[in-house]
Amino acid sequence: MYRYDEFDEGLVRQRARQFRGQVERRLAGELPEEHFKPLRLQNGVYLQLHAYMLRVAIPYGQLDGAKLRGLAEIADRYDKRYGHFTTRQNIQFNWIRLEDMPEVLDRLADFGMHAIQTSGNCIRNVTSDPFAGAGADEVEDPRPWCEIIRQWSTFHPEFSHLPRKFKIAVSGGGHDRAAIRVHDIGLDLKRNSEGEIGFEVICGGGLGRTPHVGVTVREWISKPDLLSYLEAIMRVYNRHGRRDNKYKARIKILVNELGEAGFRKLVEEEFAAQHESEKVVLPQTEINRIEAYFAPPVFDAALPTSEIFDAARKTDKSLDRWARHNVRPHKIPGYASILVSLKPLGAPPGDATSDQMRAIADIADRYAGGDIRVAHEQDLVLTHVRLDDVPSVFAALQAAGLATANGGLITDIIACPGLDYCNLANARSISVANSIQEAFSDPNLEDLIGRLHLNISGCINACGHHHVGHIGILGVDKKGEEFYQVLFGGRADERAAIGEIAGPGLRHEDIAPALKRVVERYLVLRSSPEETFIDTLERLGQAPFREALYGAS
Amino acid sequence: MSSERPKLGPDIPKAITGWNSRTGRVIYLTADRNWSESLSEACVMTGDEAQEALRFASTDQVRVSDPYFMQVTQDGLISGRETLRETIRARGPTNHPMFGKQGGDL
Ligand code: HEM
Ligand code: SF4
C-alpha cells in the first residue's frame, strides 16, 4: 500500500506552517476575508451554512487503520464526533473552528494526511475504483497510476491556475466503478491488440449545470507516454478553456464547443509537437518503485470456498442477506471484499461517527490487512477479507451499527449535504433521502427490487451525482419552497448516460410516495426478476415511469 | 448557484447575519453593534439605518465574515423566501438535532 513518502512530508509541513501564519493574520485583522478566502480554500477550508468546513483528501479513497483512527480523533477533538464521506472519496468535517484549523492540519500531517488540492482550480484528488487491487474483473490495479498522477500534478506550476477545477479518475479496466466517463479526464486500463497494457483516455465528462458524458480521445496510450499525453490535454485546456465565464470554464464545455474530432486534433497536435526535452519521461524504475507501494498483501492459500462461511449463512438469515448485498467477489479464491454501508436508515448518507471509524479501523486491522477504501457511493470497503472471517466481520460490524444490508440497493442512496449544511443549496437532500429510505425500509421489498441507484443533489452543482443515478433527484427552490425534480435513466458505469428530467418538480413530502409508484410500476413491467430497473427503463423508455411518478394509474 | 442572497427592498425589515470569523458560528448584529449567536438579540432595521449597519458590518472583519441582510418580521422572526435556510442556520441541521445548536456547542 502507498506510504506517504518524503515527497509529501516536507511539502505538507510547509503548507501547514504557512496556513498557521495566514490564519493568525486573518484573525488579527491584517488579512481581509476577501484575500484570505483563496488561501483557506487552497487548504480545503470552506465557509458553510453553520461553520467552517474542512475537506481532507483521501487519495484514491485509500485509508488504513491508523489514518481512520486519526480522522476519528480529529472528529472527537475538533468536531462533533462525526465526519462525512463524499462522492469524491474524501472526508468533510462540518464544525471545525478556524482558530483550530492550523492544529488540525498539523495533526493530519502526523498521520500522513492533508487537505491539499481539495479545492480551487487545480487538479483535484484523483479518484478510483474502491475495489482496486481486489476486483475479480480488473486488468490491473489502477492505484499506482492514481499515485503517479497525484505526484505529477501536486503543485505543478503550469496547472495550479487552471480555468476551473479539474477531476481525474482511473479505473482498472473491468466494470467501471469509478465513474470515469463523468470526469474531466477518465482513464481506463486496457490491453492493445498486442496485449500490452496501457490506457484508454476519455475526456470532457462532468456533471454540474451542463452535464456531459466524456468522449474517447485516444483508444490507447502506453504507460510511459501517459503523463506527456495528459500534459498535452492540460495545455490545450489551459490555452483554449474559457476564463471569462465560470459556468463555461470546465473542459467539458471546450470539448463540446470544438467537437470530439476538433478537440482530439488539438490534443494530438500538441502531443506530437512536444519536444523530446519537454516530455515527462516516466522511467520504468519509477513505475516499479510506485507499484511496489501497492504490492498486494500476502494471501493465504485458502480454499475457493469456505465451510465456515457457508455454514454460518445457512443458520443466520441476517448474515445471509447482508452477504448477498455487501460481500463482493475477490480475485483471489477464498477471499472477498466487503462493502460497509454508511447508509443506515434514517441517518445522513455517508456520515460515520468517530466510534464507527475506530470500529472499522479495528476490524480492518484484525481481518483485512488494514486496507480500507472510500467508495464514491459514500460507503467504505474492506478490501481483502478471508471468506472464513466474513461471519466474524459481520458480527463486529453489527455491533458497531455498520451492518446495513443495502449495498447497491435503493436505500444505498448517494446524497450531498444539501440545505442542512451547504451554503449553495436550494433544498435539503438528507431528509429526502431519509424519507425514501423509510418508504423502502421493508427488506423483502428491497430484495425484490434489486439493484437500483438513487442519487440526490441539493442544487444544480450536482455533488450528489443526480444526473447519473438510475433515478436522480435534484432540489430546486420555487419562491422559497423546496421542490424536487426527478430524472430517469442516468448511469455512471461503462455505459454512462445523463438522466432525463421527467417533468415538473414535486414537493418534499410527495417524493417518497411518487417513487413508490414508480418502483411498483417497474415490478409489474419487468420481463423477469433478473431485469434490473435501469434495464427495464432502457427497454421501455421513461413514459410509463413518468406516468407513475405523477400518479396516473 | 444560490450563494447570493435575494435583494430586499428598503422597507422590508431586516437583520444582519454572518459568521464569527474565529469560530465560524452563525451570528447576528445587535443594537449596540456587537454580535450575538442568538437570533432573538438581532437588531431589526430598515432603510438607511440598515444600509449604514451593513457598511459597519462589512468593515468589522475581525469579528464577522460575509455579513448580509436577512429578512425578518418587525418582531425579529425569520420570514421571506429564505425562511427555511435561515431557520436551519439559526437552529442547526434538521436531520440531526444533536449536531446543531440544539445539541450545544462541541
Ligand atoms: C459543502 C461544500 C461544497 C461546495 C461549496 C461544493 C461546490 C461545488 C460546485 C460549485 C460544483 C460545480 C462545479 C462545476 O460545475 O464547475 C460542485 C461539483 C461537484 N461536487 Fe461539490 N460542493 C460541496 C460539497 C461536495 C460534497 C459533500 C461532495 C460529495 C458528496 C461533492 C462532490 C462534488 C462532485 C462529485 C461534483 C461533480 C460535478 C463535476 O465536477 O463534474 N461536493 N461542487
Ligand atoms: S449539490 Fe449543491 S447543495 Fe449539494 S453539496 Fe453540492 S453545492 Fe451543496
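# Ligand sites, pockets and buried residues in a predicted model

Biologist: Between which two helices of chain A does the loop with Ser306(A) lie?

Modeller: This is a predicted model. Ser306(A) sits in a loop of chain A, and the helices on its two sides are H8 (284-293) and H9 (307-315).

Biologist: Is Ser306(A) buried or exposed?

Modeller: The cut-off for buried is under 20% relative accessible area. Ser306(A) has 3% relative accessibility, so Ser306(A) counts as buried.

Biologist: Which side chain is in polar contact with the side chain of Ser306(A)?

Modeller: A polar atom of the Ser306(A) side chain lies 3.0 Å from the backbone nitrogen of Phe309(A). The side-chain to side-chain contact has a length of 2.5 Å, and its partner is Asp388(A).

Biologist: Where is His330(A), and is it buried or exposed?

Modeller: His330(A) is placed in the loop between S11 and strand S12 (335-340) of chain A. Its C-alpha atom is 8.5 Å from that of Thr383(A), a residue 53 positions away along the chain. With a relative accessibility of 7%, His330(A) falls under the 20% limit and therefore counts as buried.

Biologist: Which protein atom is the donor to the iron atom of ligand 1?

Modeller: The protein gives the iron a single donor, at 2.2 Å. The residue concerned is in the loop between strand S17 (454-457) and strand S18 (471-478) of chain A. The donor is SG of Cys463(A).

Biologist: Which residues come nearest to ligand 1?

Modeller: The shell around ligand 1 divides into seven nonpolar, nine polar and six charged residues. There are 22 residues around the ligand, and the nearest are Thr87(A), Lys167(A), Leu207(A), Arg250(A) and Cys463(A).

Biologist: Which residue has a side-chain N or O atom 2.9 Å from an oxygen atom of ligand 1?

Modeller: A polar backbone atom of Leu207(A) is 2.8 Å from an oxygen atom of the ligand. Lys165(A) places a polar side-chain atom 3.5 Å from a nitrogen atom of ligand 1. The side-chain atom at 2.9 Å from a ligand oxygen belongs to Arg250(A).

Biologist: Which elements give two or more residues to the lining of the second largest pocket?

Modeller: This pocket has a volume of about 660 Å³. Of its 33 lining residues, His175(A), Arg177(A), Glu377(A), Arg451(A) and His453(A) lie nearest its centre. The elements that contribute two or more residues are, in chain A, strand S11 (327-329) and helix H16 (533-540).

Biologist: How many residues of each class does that lining have?

Modeller: The second largest pocket is lined by nonpolar, polar and charged residues, and the count for each class is 11.

Biologist: What is the volume of the second largest cavity?

Modeller: The structure holds six cavities of 30 Å³ or more. Residues lining the second largest cavity include His114(A), Gln117(A), Arg124(A) and Arg150(A). That lining divides into five nonpolar, five polar and two charged residues. The volume of the second largest cavity is about 80 Å³.

Technical notes. Residues are numbered from 1 along each chain as its sequence is written. Chains are lettered from A and ligands numbered from 1 in the order in which they are written. This is a predicted model: local features need pLDDT of at least 70, side-chain atom pairs count only at pLDDT 80 or more; totals for chains, interfaces and linings use all residues. Side-chain values use heavy atoms; hydrogens and water are left out. On a 1 Å grid over the protein atoms alone, a cavity is a set of points where a 1.4 Å probe fits but cannot get out, and a pocket is an open set with protein on both sides within 12 Å along at least five of seven lines; lining residues have an atom within 4 Å of a point. Grid points are joined across faces, edges and corners, and a volume is the space filled by probe spheres set on the points. Helices (H or I, at least four residues) and strands (E, at least two) are DSSP runs, numbered from the N terminus. Ala, Val, Leu, Ile, Met, Phe, Trp, Tyr, Cys and Pro count as nonpolar, Asp, Glu, Lys and Arg as charged, and the others, Gly among them, as polar. Donors are N, O and S atoms within 2.8 Å of the metal (3.2 Å for Na, K and Ca); water is not among the atoms, so sites may look incomplete. A residue is near a molecule or strand if one of its heavy atoms lies within 4 Å of it. A polar contact is a pair of N or O atoms within 3.5 Å; within protein, one must be able to donate a hydrogen and the other to accept it, and residues adjacent in sequence count only if both atoms are side-chain atoms. Buried means under 20% relative accessible area, exposed over 50%, partly exposed in between (1.4 Å probe, protein chains only).
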